[in-house]
Amino acid sequence: DVIHNDHVFRLIKKQEELNFKPGEEFRYSNTGHTLLAEVVSRVSGKSFAEFAKENIFSPLGMNNSLFLDDHNMIVKNLAYSYDGAPEVGFRKSVLCISSVGATNLFTTAEDMAKWAMNFDNPIVGDKVLIKKLNTVPVLNNGKKSEYALGQFPIDYKGLKAFEHSGAEAAYESYFIRFPEQRIAVTVLSNDGSFW
């Protein structure tokens with residue numbers, strides 16, 4: 001079966017109440033990212049994939065990045081994802097998702113470097129937006145949240161950093177950024193046994 005945003009929305013509509021009051025605690029939610037993509041689509045009048053291409057990828061020169069909102073679409077130079085091992089063999093890991101927001105960003109290490117550079121010298125957004133992205137929200141109880149607008153703040157060996165990872169089918173990704181050192185690292189894999 002192929003999962004589309006409509007499937008996600010039908011599931012969301014069945015939720016009868018919130019898990020907790022807003023601001024009381026943090027829980028990572030793919031649903032929230034999918035809903036945000038839908039808000040962007042409705043406000044802009046464009047698909048989320050079109051909006052991201054026009055307003056993020058093209059201005060940054062991320063020419064090999066896209067949100068894949070049609071799993072049947074042929075993508076030039078796409079690396080298939082696979083699972084297995086040399087002793088048992090490898091098999092393609094089929095991606096059956098046409099949902100965007102929480103998943104289906106296809107990109108390259110070079111394009112992710114362009115994304116990382118935007119945090120230091122904004123082309124998309126401005127310094128005010130970047131400051132908001134780097135600010136860790138405070139919960140109602142006064143404690144800092146574990147998530148800051150699309151990135152997890154961490155202390156890595158005494159250095160302030162922001163990270164995020166993702167996985168779908170057998171695609172794996174990891175991004176970490178050290179704002180004070182102006183260094184970022186991206187790891188992309190199409191091997192499900194990578195982690």
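Visitor: At what angle do the axes of helix H1 and helix H2 cross, and which residues make the contact?

Guide: Axes are lines fitted to C-alpha atoms, for helices over the stretch in contact, with angles running from 0 to 180 degrees between N-to-C directions, and helices (H or I, at least four residues) and strands (E, at least two) are DSSP runs numbered from the N terminus. In this predicted model, local features need pLDDT of at least 70 and side-chain atom pairs count only at pLDDT 80 or more, while totals for chains, interfaces and linings use all residues. Residues are numbered from 1 along each chain as its sequence is written, and side-chain values use heavy atoms, with hydrogens and water left out. Here the axes of H1 (residues 5-13) and H2 (residues 30-44) come within 11 Å and cross at roughly 115°. The contact (heavy atoms within 4.5 Å) is made by Asn 5, Val 8, Phe 9 and Ile 12 of H1 with Thr 31, Thr 34, Leu 35 and Glu 38 of H2.

Visitor: Which residues make up the largest nonpolar core?

Guide: In soluble globular proteins, nonpolar side chains tend to be buried together. A nonpolar core is a set of buried Ala, Val, Leu, Ile, Met, Phe, Trp, Tyr and Cys residues joined through side-chain atoms within 4.5 Å, where buried means under 20% relative accessible area (1.4 Å probe, protein chains only). The largest one has 10 residues, including Ala 37, Phe 48, Val 100 and Val 124, and helix H3 (residues 48-60) supplies its largest share, five residues. Leaving aside neighbours within four places in sequence, Ala 37 is in contact with Phe 48, Val 100 and Gly 101. A second, separate core of six residues includes Val 75, Leu 95, Ile 97 and Tyr 171.

Notes
Buried means under 20% relative accessible area, exposed over 50%, partly exposed in between (1.4 Å probe, protein chains only).
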